Amino acid sequence: MKAFTLFALGSLSLLPLCSQAVPLNDDFSLLLDVTLASDYRTRGISQTQNDPALQAGATLQHSSGLYLGAWTSNVDFGYGLKTRQEVDYYAGWFWEATDAINLDLGYLKYSYPKESQFNQSEVYGILSVYGVKLGAYYSDDAPGIDSEQNSLYSYVGYETELPYDTGLKLRYGLMDFKDPHLYSSSGEAEDSYREWEVKLTHELAGVMLGLSYIDTDLSKSQCTSNWGFDDVCSATVVASISKSF
């Protein structure tokens, strides 16, 4: 079955106003980041057929909180699709009330060379209060079977520092589509699914090591009906190593 619609897009790895950004002058700074991961999972779904991914991004930041940037990763959707790359462009505004309270608002454009039918855009908002994160990504041009449709990804998360330069990140998300396209073995169609991640990070010799457990509540038949394979939605452990400049 060639079910290529409604890929769960988005890296969720934007890094506005990072303390590791390199100052260019009094107002502008630049952040460069490179990541090697054992799998590219976004919103619980593998974008590389469970294979490794090399990812890189650049973010230009202004002292006002405005930022813009680009991010890219290799992808593999199978079935002979020509695209082997995802390129994202984003712009937004990052506002801090205190060190523990901030708001991130922005626009995100996903593009796939040679397979433009998967291109889409989202607007997003992320509120962070003492480590608790509430986020939402809304699209009105998500790929559909016959036409574009709306989609909403929302999540609640928590981040904290543990001893020995170790960090803990938790996330529980809901991906909601306008139309039901997730078919179970009984033929019932649903329009949403849930996903979650538990991630440990550790800084070592200037690089960030990551280890994540990722899973969804999708059955194999639901996964196959929408993404064409039954193993890109199941539980997995993802290891990563990243460096910011």
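Trainee: Is T59 buried or exposed?

Mentor: T59 is buried, because its relative accessible area is 0%, under the 20% cut-off. Keep in mind as we go that this is a predicted model.

Trainee: Where does T59 sit?

Mentor: T59 belongs to strand 5, which covers residues 53–62.

Trainee: And which side chain does T59 have a polar contact with?

Mentor: The side chain of T59 makes a polar contact with the side chain of Y90, at 2.6 Å.

Trainee: Nice. Let's switch to salt bridges. How many are there?

Mentor: The count comes to four salt bridges. One of them pairs the side chains of D39 and R41, with N to O at 2.8 Å.

Trainee: Are D39 and R41 buried or exposed?

Mentor: D39 is buried, since its relative accessible area is 5%. R41 has 12%, so R41 counts as buried too.

Trainee: What about R171, which residue does R171 form a salt bridge with?

Mentor: One partner is E195, and the closest N and O atoms of that pair are 2.6 Å apart.

Trainee: You said "one partner". What else does R171 bridge to?

Mentor: R171 also forms a salt bridge with E197, where the closest N and O atoms are 2.4 Å apart. This pair links distant parts of the chain as well, with E197 in strand 15 and R171 in strand 12, 26 residues apart. E197 and R171 are both buried.

Trainee: So what do you call R171, E195 and E197 taken together?

Mentor: Those residues are linked in a network of salt bridges.

Trainee: Got it. Now the surface: which residues form the negative patch?

Mentor: The negative surface patch is made by D179, E188, E190, D191 and D217.

Trainee: Where is D179 in the fold?

Mentor: D179 is in the loop that runs between strand 12 (166–177) and strand 13 (182–183).

Trainee: Changing topic, I was looking at backbone angles. What is phi of K114?

Mentor: Phi of K114 is near 75 degrees, which is a positive value in a residue other than glycine. K114 is in the loop between strand 8 (101–111) and strand 9 (120–129). With 69% relative accessibility, K114 counts as exposed.

Trainee: What's phi for A205?

Mentor: For A205, phi is near 55 degrees, again a positive value in a residue that is not glycine.

Trainee: Which loop holds A205?

Mentor: A205 lies in the loop between strand 15 (192–204) and strand 16 (207–216). At 80% relative accessibility, A205 is classed as exposed.

Trainee: Last one, T42. Where is T42?

Mentor: T42 is in strand 3, residues 41–42. T42 counts as buried, because its relative accessibility is 2%.

Trainee: And how many residues separate T42 from L60 along the chain?

Mentor: T42 and L60 are 18 residues apart along the chain, and their C-alpha atoms are separated by 23 Å.

Terms used
Residues are numbered from 1 along each chain as its sequence is written. This is a predicted model: local features need pLDDT of at least 70, side-chain atom pairs count only at pLDDT 80 or more; totals for chains, interfaces and linings use all residues. Side-chain values use heavy atoms; hydrogens and water are left out. Patches are made of residues with over 30% relative accessible area and no salt bridge: like charges are joined within 9 Å, nonpolar side chains (Val, Leu, Ile, Met, Phe, Trp, Tyr) within 5 Å. Accessible areas come from the Shrake-Rupley method with a 1.4 Å probe; for residues, only the protein chains shown count as cover. Lys and Arg count as positive and Asp and Glu as negative; His and the chain ends are not counted. The place of a charge is taken as NZ of Lys, CZ of Arg, CG of Asp or CD of Glu. Helices (H or I, at least four residues) and strands (E, at least two) are DSSP runs, numbered from the N terminus. Buried means under 20% relative accessible area, exposed over 50%, partly exposed in between (1.4 Å probe, protein chains only). A polar contact is a pair of N or O atoms within 3.5 Å; within protein, one must be able to donate a hydrogen and the other to accept it, and residues adjacent in sequence count only if both atoms are side-chain atoms.
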